[in-house]
Amino acid sequence: MNLSQRDKVYNWHPYTQHKTSSDFPAIIKGKGALLWDENGKEYIDAIASWWVNPFGHSNTIIADAIYKQLTTLEHVLFGGFTHDKAVELSEKLMEILPSNQQKIFYSDNGSTAVEVAIKCSFQYNYNKGIKKTKIIALENAFHGDTFGAMAASGISFFTDAFNGSLLEVVRIPIPTIDNEDKSIAVLTNLVKTNEFAAFIFEPLVLGAAGMVMYQPEVLDKMIAICKQNNVFTIADEVMTGFGKTGKIFATDYLENKPDMMCLSKALTGGTIPMAITSFTQEIFDGFYDDDVNKALFHGHTFTANPSGCAAALASISLLQSQEMQNNIYRINQSHLEFDSKIKNHPKVKTTRVLGVIFALEVTTDSEESYYGSLRNKLYNFFIENGVILRPVGNIVYILPPYIITENQLQKIYQTIENALEIV
């Protein structure tokens, strides 16, 4: 049996109905924006492997940083100890995070980063004798698969099996241009009830919803409303963080900054699983007490893993380089050129661009489900043509590594154009 066939014997893949799925390509090598399977077929990784790999596969700078760390200290428990790389990474993060962020809590992935933020919003109030048991989130949001993060997510088929077992969340309309006033009005009425601990949002772009975008000005207003009513704001930058929107963080577009931020994915350049939740000093002080029961009793075995911290330090250094910033600008300009060309195509309903993100909505006669026939037809076409794209329903999006070449981008664009001819 080849690798793809052996894989099916024991492995259970995420978001997969194995009864109807075919063999998966077995990837054995990657370099830059390219991947190769066991048969030698080449693929362009047009979504940076679920948005984690902005600096390319097998990046030697990050690999060298990890190797050096592995030969010095691979891991040490963070409960009761610290180490140089965790201190250095926190100091580096403070240089690039919004100035109101003052404390860093390490965890393992985007879901756990969100879980920490939600728990802190509840316990902060509990520590002060205030009962707040609900949160506010955007419709069609996705914040992760652990229970708190899943509850905050608004894509129903991810959560249907767990209805009745989740914390209480009230969802409000995404504040797109045609919904801004409605979103603000609903949020304003909710926060006045004094029942909500936090408002969680994906700033400016809802990734799993199909790269739905909205303006920073309306989010500024929403954060201000929450602050005026003592409701914490949580910016889930797991997808948008580290350059995706054209700035280091999507919240860099805002005047009003969130109370908490969740980061993962590109944090370590797609190498070692790691996440952080950052907090204002005010939130940290809500746990700072002589009473040990007011501490945050939350932790993970690999919290602040030194090798992951070393990878993150190397990744941030790469992101801040002029070469990488030039690449982000170049990709954005290429997206804009493709957008002007494709947006009037008869099979294209809408398009949108922000930073290195491009999204296109295919015109359909009926509502297309998340993993429906159109999505599967498009996905299979892209894979057959050596381009890794994962449509969301009838939304095709590109979110490439920053080191992708112009020729590779043009192949992605051409493959999308060709795909429109088969739908």
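Student: Is C120 buried or exposed?
Tutor: C120 is buried, because its relative accessibility is 3%. Buried means under 20% relative accessible area, exposed means over 50%, and partly exposed is in between, with a 1.4 Å probe and protein chains only. This is a predicted model, where local features need pLDDT of at least 70, side-chain atom pairs count only at pLDDT 80 or more, and totals for chains, interfaces and linings use all residues. Residues are numbered from 1 along each chain as its sequence is written, and side-chain values use heavy atoms, with hydrogens and water left out.

Student: How many disulfides does a search of the whole structure find?
Tutor: The search finds 0 disulfides, a disulfide being a pair of cysteine sulfur atoms within 2.5 Å.

Student: Which cysteine sulfur is nearest to that of C120, then?
Tutor: That of C262, 9.8 Å away. C120 is in no disulfide, and C262 is in none either.

Student: And C262, buried or exposed?
Tutor: C262 is buried, with a relative accessible area of 0%.

Student: How accessible is N140?
Tutor: N140 is partly exposed, at 41% relative accessible area.

Student: What about phi of N194?
Tutor: Phi of N194 is also positive, near 65°, in a residue other than glycine. N194 is in the loop between α8 (180–191) and β7 (196–201), and N194 counts as partly exposed with a relative accessible area of 46%.

Student: Where is N293?
Tutor: In the loop between α10 (281–285) and α11 (306–320). N293 counts as exposed, because its relative accessibility is 58%. From N293 to F157 the C-alpha distance is 37 Å, and the two are 136 residues apart in sequence.

Student: Next, F249. Where is that one?
Tutor: F249 lies in the loop between β10 (232–236) and β11 (260–263). F249 is buried, at 0% relative accessibility.

Student: What does F249 touch?
Tutor: Not counting residues up to four places away in sequence, F249 touches I96, L97, E237, G241, F242, M261 and L263. The C-alpha atoms of F249 and Y10 are separated by 39 Å, the two being 239 residues apart along the chain.

Student: I also marked N327. Which helix is that in?
Tutor: N327 is in helix α12 (residues 322–342). N327 counts as buried, with a relative accessible area of 11%. Beyond residues up to four places away in sequence, N327 touches Y402 and I403.

Student: Zooming out, how many helices and strands does the chain have?
Tutor: The chain has 14 helices and 16 strands.

Student: Why would its radius of gyration fit a compact globule?
Tutor: With 423 residues, a compact globule would have a radius near 22 Å, and the chain has 22 Å, so the two agree. The radius is taken over C-alpha atoms, and the globule rule is 2.2 Å times the number of residues to the power 0.38. The C-alpha atoms fill a box of roughly 65 × 55 × 45 Å along the principal axes.

Student: How many of the residues count as buried?
Tutor: Of the 423 residues, 54% count as buried.

Student: And what share of contacts join residues at least 24 apart?
Tutor: That share is 69%, among contacts between residues at least 6 apart in sequence.

Notes: Helix = DSSP H or I, 4+ residues; strand = E, 2+ residues; numbered from the N terminus. Contact = heavy atoms within 4.5 Å.
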